[in-house]
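Here are my notes for you to read with the model open beside them. Take the points in order and find each residue as it comes up.

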Amino acid sequence: MAVDVRDVAVKLDESILEVLPDGGKVVSVTTSGQSDYCNTFRIEVSLPDGTSQAFFQKEAKGQYGWNLMEAAFQSESSTHQFIPEYVPRPIKLGTYKSDPDTHFFLADFVDMLEDTIPDPGPYMAAVVALHSRSMGKSPEGKFGFGVNTRFGDLEQSNGWTSSWEAFWTGQMRDFIDREERLRGPLSEDHSKLKELFFEKVLPRYLRPLETGGRSITPCLIHADLWPGNVKYRTDNETVCLYDASALWGHNEVDLGVFRNPRYTLGAAYLKEYWKHASQSEPVEDADSRNSIYMTRNQILLATLYPNEPGLRDVWVQSIRLLVEGVLSEEAEAEAETETVTQATSALEASTALEASTGKIKTRL
């Protein structure tokens, strides 16, 4: 157990001190990072051997706070299990002894470079490692997660589901319904697009993943890989990956954010990933699936920042393009079928005519 030697009125709670290094002395506690949803701190501890060690703490109040801390702890613990070299070590999820309404999450503190986006190689190395090492190890053998996680402070329902299409469809309906509750109802045109997205787009591109002898093996995905959650360590070579919204799902979900024009990532990062992984079958649908998975990030951002009007337009336009693509594909298929039908009818008529003419000649 450590002791808090700072000359301050409010010391660190005993629940935190008891998991800090034995014999350590807490010499500073400073705010660290930015969060709109909880308090975040850097705790520096002086160790008996003369060195020091830093820790990162999140803190929030009430049931809301507990849910946030639990989601963070479970997500970070799961990702750390498979890629400990990339994820700060989670230490404890707990509640203050001095205040039972205040909850916390404690982890190792990692120094990172704040203003540099990692290059595709190191950035995607962590993602590839997470997916490949966790592939097929879902504790339930299904899609979902043990607790509801958070995108910012937005709850994500993660109930275990056997079908990927069913899981994704249910979660996307939840996301859009919540966006409408916060921003107001969609226009009539946008509502039609939404329903076509669920009625046509998702079945068209997700159902083939699990039919025709094909299947998806769940892997652990981070689900929030925007550049704010992937940073270079101070060596400027390896990366630190954190603030996951962990989920056992289709590995391609994690690639959606790289397509979002909001971030300066793009094709180079996707190309790097596919050097080390195989696209799911049908491969020809991979680009459209990437667009579908991008909409997840866009809808959640529109919900997280309801006062930014343009964010709704972004995800609606993404869905519009997907809907138009499927409707165009259907129209082409119908036209081709009509052409074949007409050709068949013409052939049958010609054959009948020839047969009839043959009979007339025979009689003559």
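1. Of the 364 residues of the protein chain, 48% count as buried; here buried means under 20% relative accessible area, exposed means over 50%, and partly exposed is in between, with a 1.4 Å probe and protein chains only. The accessible surface comes to about 17,600 Å², and 51% of that belongs to carbon and sulfur atoms. These areas come from the Shrake-Rupley method with a 1.4 Å probe, and for residues only the protein chains shown count as cover.

2. A word on what you are looking at: this is a predicted model, in which local features need pLDDT of at least 70 and side-chain atom pairs count only at pLDDT 80 or more, while totals for chains, interfaces and linings use all residues. Residues are numbered from 1 along each chain as its sequence is written, and side-chain values use heavy atoms, with hydrogens and water left out.

3. The protein chain holds eight helices and 12 strands. Both are DSSP runs numbered from the N terminus: helices are H or I with at least four residues, strands are E with at least two.

4. How spread out is the protein chain? Its radius of gyration is 27 Å, well over the 21 Å that the globule rule gives for 364 residues, so the chain is more spread out than a compact globule. The radius is taken over C-alpha atoms, and the rule is 2.2 Å times the number of residues to the power 0.38. Along the principal axes, the C-alpha atoms fill a box of roughly 120 × 45 × 35 Å.

5. Now look at contacts, meaning heavy atoms within 4.5 Å. Among contacts in the protein chain with a separation of 6 or more, 64% are between residues 24 or more positions apart.

6. Pro90 lies in strand E5 (residues 90-95) and counts as buried because its relative accessibility is 14%. Leaving aside residues up to four places away in sequence, Pro90 touches Phe73, Glu76, Ser77, His80, Phe105, Leu106 and Ala107.

7. Next come the charges, with Lys and Arg counted as positive, Asp and Glu as negative, and His and the chain ends not counted. The protein chain has 36 positive and 55 negative side chains, and the centres of the two sets lie 3 Å apart. Each charge is placed at NZ of Lys, CZ of Arg, CG of Asp or CD of Glu.

8. A salt bridge is a side-chain nitrogen of Lys or Arg within 4 Å of a carboxyl oxygen of Asp or Glu. By this rule the count comes to 23. One of them joins Arg207 to Glu165, with the closest N and O atoms 2.8 Å apart. This pair links distant parts of the chain, 42 residues apart: Arg207 is in the loop between helix H5 (188-206) and strand E9 (219-221), and Glu165 is in helix H4 (residues 164-183).

9. Arg320 lies in helix H8 (residues 310-363) and Asp189 in helix H5, so the pair ties together parts that are 131 residues apart in sequence.

10. To finish, visit a network: salt bridges link Glu14, Glu18, Lys92 and Lys97.
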